[in-house]
Amino acid sequence: MLKIPGILNNPSFYDAELDYKWNSKMVIDWEEKVSNYKLFNIFLKLNHKASIGMAAALAEWIYWRLHTKDNIDILSKHIETLWVSLIDKRYVKKWEYDFIPGERDKTHGVKTIALESLERSNRNYIDGAYNISAELDGQAMLARYICPDKNLFDTWLEDCIRKLIPLFPVKYDRDNPSEYNKDDDP
């Protein structure tokens, strides 16, 4: 069971009004139109386990922001799965979530995007795909978008990246997948 991190355990975070703009088209367009090339390239420097840990941590920002607004327990279950996979990815399997087309309001739309992103990260991790971090910039942009305090999120993310890159660097050139060694990130 997830426990709210200290940085997010504040009613000004999770009880703040959902003041971000949202419409049904955003669910469809998010993956194609929302990206951050600089952030994408930074995440490419992380190995597989660090990428999965970052995916889980970013999803927690989304989960804890919305958990008092609606039932989004399915998101917490997938986050827990990613955390367990860091121990050994053989503990988890690929999952598929039935994305309900009608879920397009401020909570369900965000939940849908977060779940789709986590599903792809999980699949890429289990498959040992070299492009495992491909979802992280969109997930980070989503977490930041719904966060009531953008500076809090930005500071946290910068701190994480600054610590993760030297501790968990990728050991191959992601621009050249032929160099990829599946034993790189056991």
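Val84 lies in helix α5 (residues 73–85) of a predicted model, in which local features require pLDDT of at least 70, side-chain atom pairs count only at pLDDT 80 or more, and totals for chains, interfaces and linings use all residues. Numbering starts from 1 along each chain as its sequence is written, and side-chain values use heavy atoms, without hydrogens and water. Helices are DSSP runs of H or I with at least four residues, numbered from the N terminus. With a relative accessible area of 33%, Val84 is partly exposed (buried is under 20%, exposed over 50%, partly exposed in between; 1.4 Å probe, protein chains only).

Helix α4 (residues 48–66) has 19 residues and spans 27 Å from its first C-alpha to its last, close to the 27 Å expected at 1.5 Å a residue (1.5 Å times one less than the number of residues). Because 18 of these 19 residues are buried, α4 is largely enclosed by the rest of the structure.

Cys160 is located in helix α8 (residues 150–167) and is buried, at 18% relative accessibility. The C-alpha atom of Cys160 is 8.5 Å from that of Met54, although the two residues are 106 residues apart along the chain.

Thr107 belongs to helix α6 (residues 106–127) and is buried at 6% relative accessibility. Leaving aside neighbours within four places in sequence, Thr107 contacts Leu18, Tyr20, Leu66, Lys69 and Asp70 (contact: heavy atoms within 4.5 Å).

Terms used: Helix = DSSP H or I, 4+ residues; strand = E, 2+ residues; numbered from the N terminus.
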